[in-house]
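The sequence and the model are shown first.

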Amino acid sequence: YITRRVTLADGFESTNFKVLMSVNKPAEATVQVFIKAIGEEDDTPFENIGFTEMTADSTIANSSSNYDFTEAVFSLSSNYTQPVKTFAVKVCLYSSSSTKVPSVKDFRTIALNG
């Protein structure tokens, strides 16, 4: 899943991000989160910017049922050197079983400054 491109309002540029979501993760599954970000002064087309992997702040617990969701927080390991004006987030859901797949709800991204 890739979010639409988000452009932050003037004065709200960011140097870091947190992604929060509720995850239902069977034991056979894996969840990864990536972010693509660009500053206002950067001339590179947004489509040519690569995604950077975010890391989970803690281990995501395996779900005991289809209705068992756990809060997961993903962060960048370091701040961007230039303020970010536009970004998109990609969530990758993997499973070794086609009948036991992860799902996500309550997805949100927080732009941080500093």
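Leaving aside neighbours within four places in sequence, M21 is in contact with V33, T70, E71, A72, F74, V91, V104, K105, D106, F107 and R108, where contact means heavy atoms within 4.5 Å. The model is a predicted one, in which local features need pLDDT of at least 70, side-chain atom pairs count only at pLDDT 80 or more, and totals for chains, interfaces and linings use all residues. Residues are numbered from 1 along each chain as its sequence is written, and side-chain values use heavy atoms, with hydrogens and water left out.

**Sheet arrangement**

The strands form an open sheet of 7 members in the order β1-β6-β3-β4-β5-β2-β7, with antiparallel pairing. Its edges are β1 and β7, each of which pairs on one side only. Strands here are DSSP runs of E with at least two residues, numbered from the N terminus, and two strands pair if DSSP finds at least two bridges between them. In general, strands of a sheet pair through backbone hydrogen bonds, either parallel or antiparallel.

| Strand pair | Sense | Bridges | A facing pair |
|---|---|---|---|
| β2 and β5 (residues 70-75) | antiparallel | 6 bridges | M21 and A72 |
| β2 and β7 | antiparallel | 8 bridges | F17 and A111 |

**Nonpolar core**

A nonpolar core is a set of buried Ala, Val, Leu, Ile, Met, Phe, Trp, Tyr and Cys residues joined through side-chain atoms within 4.5 Å. The largest such core has 18 residues, and those with the most contacts inside it are M21, V33, M54, F74 and F87. The elements that give two or more residues to this core are β2, β3 (29-38), β5 and β6 (86-95). M21, whose bridge partner in β5 is A72, also touches V33 and F74.

**Aromatic pairs and charges over rings**

Rings of Phe, Tyr and Trp (its six-membered ring) pair if their centres lie within 6.5 Å; planes under 30 degrees apart count as stacked, over 60 as edge-to-face and the rest as tilted. By this rule there are 2 aromatic pairs. The rings of F17 and Y80 have centres 6.4 Å apart and planes at 80°, so this pair is edge-to-face. It links distant parts of the chain, with F17 in strand β2 and Y80 in the loop between β5 and β6, 63 residues apart. F17 counts as buried because its relative accessibility is 0%, whereas Y80, at 22%, is partly exposed. The cut-offs are under 20% relative accessible area for buried, over 50% for exposed and in between for partly exposed (1.4 Å probe, protein chains only).

The rings of F17 and F87 have centres 4.6 Å apart and planes at 50°, so this pair is tilted. The pair also links distant parts of the chain, as F17 lies in strand β2 and F87 in strand β6, 70 residues apart. With a relative accessibility of 5%, F87 counts as buried.

A charge sits over a ring if NZ of Lys or CZ of Arg is within 6 Å of the ring centre and within 35 degrees of the ring normal. K90 lies over the face of F34, at 5.3 Å from the ring centre, and its charged end also sits over the ring of F51, 4.6 Å from the centre.

**Individual residues**

K18 lies in strand β2 and is partly exposed, with a relative accessible area of 28%. Its side chain makes a polar contact with the side chain of D57 at 3.3 Å. A polar contact is a pair of N or O atoms within 3.5 Å; within protein, one must be able to donate a hydrogen and the other to accept it, and residues adjacent in sequence count only if both atoms are side-chain atoms. Beyond four places in sequence, the contacts of K18 include M54, V73, F74 and R108.

E13 is placed in the loop between β1 (6-7) and β2 (16-24). The side chain of E13 reaches the backbone nitrogen of G11 at 3.1 Å. Not counting residues up to four places away in sequence, E13 touches L8, E40, P83, V84, K85 and N113.

D106 belongs to strand β7 (residues 103-112). Most residues other than glycine have a negative phi. D106, although not a glycine, has a positive phi of about 55°. At 47% relative accessibility, D106 counts as partly exposed.

Notes. Helix = DSSP H or I, 4+ residues; strand = E, 2+ residues; numbered from the N terminus.
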